[in-house]
Amino acid sequence: MLVRYLLRINGLHFAFSTLFQVALLLLVALSNAVRVNGNGGQCGSNPRLDPRPHSVSILEFGAVGDGKTLNTIAFQNAIFYLKSFADKGGAQLYVPPGKWLTGSFNLTSHLTLFLEKGAVIIGTQDPSHWDVVEPLPSYGRGLEVPGGRYQSLINGYMLHDVVVTGNNGTIDGMGMVWWDWYSTHSLNHSRPHLVEIVASDYVVVSNLTFLNAPAYSIHPVYCSHVHIQNVSISTPPESPYTVGIVPDSSDNVCIEDCIVAMGFDAISLKSGWDEYGIAYGRPTENVHIRRVHLHAFSGSALAFGSDMSGGISNVLVEHAHLFNSKSGIEFRTTKGRGGYMKEIVMSDIQMENVHTAIAATGNCGSHPDDKFDPNALPHLDHITLKDVTGTNISIAGNIAGIEESPFTNICLSNITLSTNSVSPITWECSNVSGFSDSVLPEPCPELGNPSYDSSSSCFYLLSVSGKTVVQ
């Protein structure tokens with residue numbers, strides 16, 4: 001690519017001087033490299049799922065798997081009992097085949113919740129069986145209704161070493177009634193999620209199917225070392241604002257080998273809302289997403305924001321299939337958010353049947369209240385998309401930055417998008433600058449700058465000794 005770039009420059013003398021300048025920049029980049037994918041990045045090794053020395057069945061606590069009997073107390077009692085084994089190597093709660101109706105329950109540290117094949121944990125549709133809890137501090141209020149929020153079906157708070165896994169068992173949120181309440185503005189509190197783990201570390205969610213979440217399916221928030229692997233997640237296309245996996249103010253996250261099909265976003269990275277997220281100040285960072293199949297009916301297959309006031313950075317996405325979606329990759333923010341989205345690299349992306357392949361907007365989302373600072377401007381900088389193909393794309397790109405805080409260093413390389421005739425416009429850009437090379441259809445002039453200099457260096461994937469590093 002460097003050779004092709006130099007050949008475009010008029011004059012050999014200028015070419016050689018530029019080559020020297022770029023070489024110096026690359027040496028600086030390598031000396032300060034952050035390795036995001038060295039031996040697999042955050043997904044470099046599978047989490048150890050050693051057998052727990054103690055195991056009990058939910059049957060031992062009086063649970064009935066007939067799909068009708070409410071088993072909330074059985075789950076709560078079983079986990080309370082297993083808590084006593086935390087200092088003895090931990091324990092496993094085994095859920096055998098059956099339909100296990102329950103309300104909210106909390107996990108404990110050093111616990112494995114294991115769902116056998118044919119086991120279905122079903123969320124009750126009676127809101128009185130879902131506790132109401134305080135809003136998350138980085139949001140200040142419920143996302144949908146001011147005040148508290150319904151607690152998620154399966155919860156964890158300040159835990160260490162917790163595993164939710166199985167032999168392809170199922171967790172079904174039975175979200176239909178929640179979707180109706182949301183659509184008719186009948187909610188008393190914000191909708192619950194299926195699994196929410198808060199302020200915890202070494203969290204694993206794997207080998208399960210998630211269905212019909214009332215809102216989010218998997219929501220790690222304020223967590224470290226999260227591994228989400230080999231899960232299938234879906235809600236119907238008409239389910240309003242349902243989201244699959246939401247890393248939120250969390251770090252060292254791996255999401256791999258997952259299939260996600262949602263009403264709104266498939267995977268969405270977040271980090272707090274306006275002044276509350278700014279004050280909490282915990283970014284989402286060091287995230288690795290690979291080998292995923294994502295479908296988002298009315299949202300984005302891969303979304304960043306719009307709640308990103310704590311910042312989002314150092315994200316690597318690779319080997320992703322994005323299909324049948326309103327947008328493929330989308331960055332969302334607005335004035336008053338503050339925060340940043342930066343140092344994000346996406347490569348080996350395949351898209352098909354996507355309306356807008358690449359989108360970024362500086363005018364998205366509402367505010368929690370009138371206490372936000374309108375001068376808290378978000379920053380979007382150093383975003384790289386490389387090796388992207390797309391078929392049946394309506395709009396290749398729509399990038400609209402903020403006049404007072406333009407989107408910078410948007411770098412596009414080796415992108416081929418086959419567009420249909422739905423829209424006469426292939427690219428739209430404003431308040432944005434960047435670089436492009438080998439991009440079809442040809443992007444906006446703002447993204448066509450072939451220069452590479454020390455004042456506005458492009459954020460490049462560099463392959464060194466078979467390892468991926470970023471500047």
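**Working through the model**

Modeller: Met-158 is placed in the loop between strand E11 (154-157) and E12. The model is a predicted one.

Colleague: Is Met-158 buried or exposed?

Modeller: A residue counts as exposed when its relative accessible area is over 50%. Met-158 has 57% relative accessibility, so Met-158 is exposed.

Colleague: What is the phi of Met-158?

Modeller: Most residues other than glycine have a negative phi. Met-158 is not a glycine, yet its phi is positive. The value is about 55 degrees.

Colleague: Where does His-110 lie, and what is its phi?

Modeller: His-110 lies in the loop between strand E6 (105-106) and E7. With a relative accessible area of 24%, His-110 is partly exposed. Its phi is positive although the residue is not glycine, near 55 degrees.

Colleague: How many of the residues of strand E7 are buried?

Modeller: Strand E7 covers residues 111-115. The strand is largely enclosed by the rest of the structure, because the number of its buried residues is 4 of the 5.

Colleague: Which strands are joined to E7 by bridges?

Modeller: Strand E4 (residues 91-95) runs parallel to E7, with 5 bridges between them. In that pairing, Ala-91 stands opposite Leu-111. E7 also runs parallel to strand E12 (residues 160-166), again with 5 bridges, and Thr-112 has Val-163 as its bridge partner there. The strands are E4 and E12.

Colleague: On which side of helix H3 are the exposed residues Ile-73 and Phe-80?

Modeller: In H3 (residues 72-82), the buried residues include Thr-72, Ala-74, Phe-75, Ala-78, Ile-79 and Leu-82. They cover an arc of only 170 degrees around the axis, so they lie on the same side of H3. An α-helix has 3.6 residues a turn, so residues three or four places apart point the same way. Ile-73 and Phe-80 are on the face turned away from the buried side.

Colleague: How many disulfides does a search of the whole structure find?

Modeller: A disulfide is a covalent bond between the sulfur atoms of two cysteines. One joins Cys-43 to Cys-254, with an S to S distance of 2.0 Å. Another joins Cys-429 to Cys-444, at 1.9 Å. The search finds 2.

Colleague: How many residues apart in sequence are the parts that Cys-43 and Cys-254 tie together?

Modeller: The disulfide joins Cys-43 to Cys-254. Cys-43 lies in the loop between strand E1 (34-35) and strand E2 (54-57), and Cys-254 in strand E19 (residues 251-262), so the pair ties together parts that are 211 residues apart.

Colleague: What is the torsion about the S-S bond of Cys-429 and Cys-444?

Modeller: Cys-429 and Cys-444 are both buried. Their disulfide is right-handed, because the torsion about the S-S bond is about 70 degrees.

Colleague: Which residue has a side chain in polar contact with the side chain of His-227?

Modeller: His-227 is in strand E17 (residues 224-234). Its relative accessible area is 7%, so His-227 is buried. Beyond its neighbours within four places in sequence, its contacts include Ser-45, Cys-254 and Glu-256. The side-chain polar contact, at 2.8 Å, is with Glu-256.

Colleague: Which backbone nitrogens lie 3.2 Å and 2.9 Å from a polar atom of the side chain of Ser-190?

Modeller: Ser-190 sits in the loop between helix H4 (176-183) and strand E14 (195-198). At 4% relative accessibility, Ser-190 is buried. The nitrogen at 3.2 Å belongs to Leu-143, and the nitrogen at 2.9 Å belongs to Glu-144.

Colleague: Which residues does the cis peptide bond with omega of about -5 degrees join?

Modeller: Most peptide bonds are trans. A cis bond joins Gly-305 and Ser-306, with omega of about 5 degrees. Ser-306 is in the loop between strand E22 (300-304) and strand E23 (312-332). The cis bond with omega of about -5 degrees joins Leu-440 and Pro-441.

Notes: Residues are numbered from 1 along each chain as its sequence is written. This is a predicted model: local features need pLDDT of at least 70, side-chain atom pairs count only at pLDDT 80 or more; totals for chains, interfaces and linings use all residues. Side-chain values use heavy atoms; hydrogens and water are left out. A disulfide is a pair of cysteine sulfur atoms within 2.5 Å. Helices (H or I, at least four residues) and strands (E, at least two) are DSSP runs, numbered from the N terminus. Buried means under 20% relative accessible area, exposed over 50%, partly exposed in between (1.4 Å probe, protein chains only). A polar contact is a pair of N or O atoms within 3.5 Å; within protein, one must be able to donate a hydrogen and the other to accept it, and residues adjacent in sequence count only if both atoms are side-chain atoms. Contact means heavy atoms within 4.5 Å. The arc is that of the directions from the helix axis to the C-beta atoms. Two strands pair if DSSP finds at least two bridges between them.
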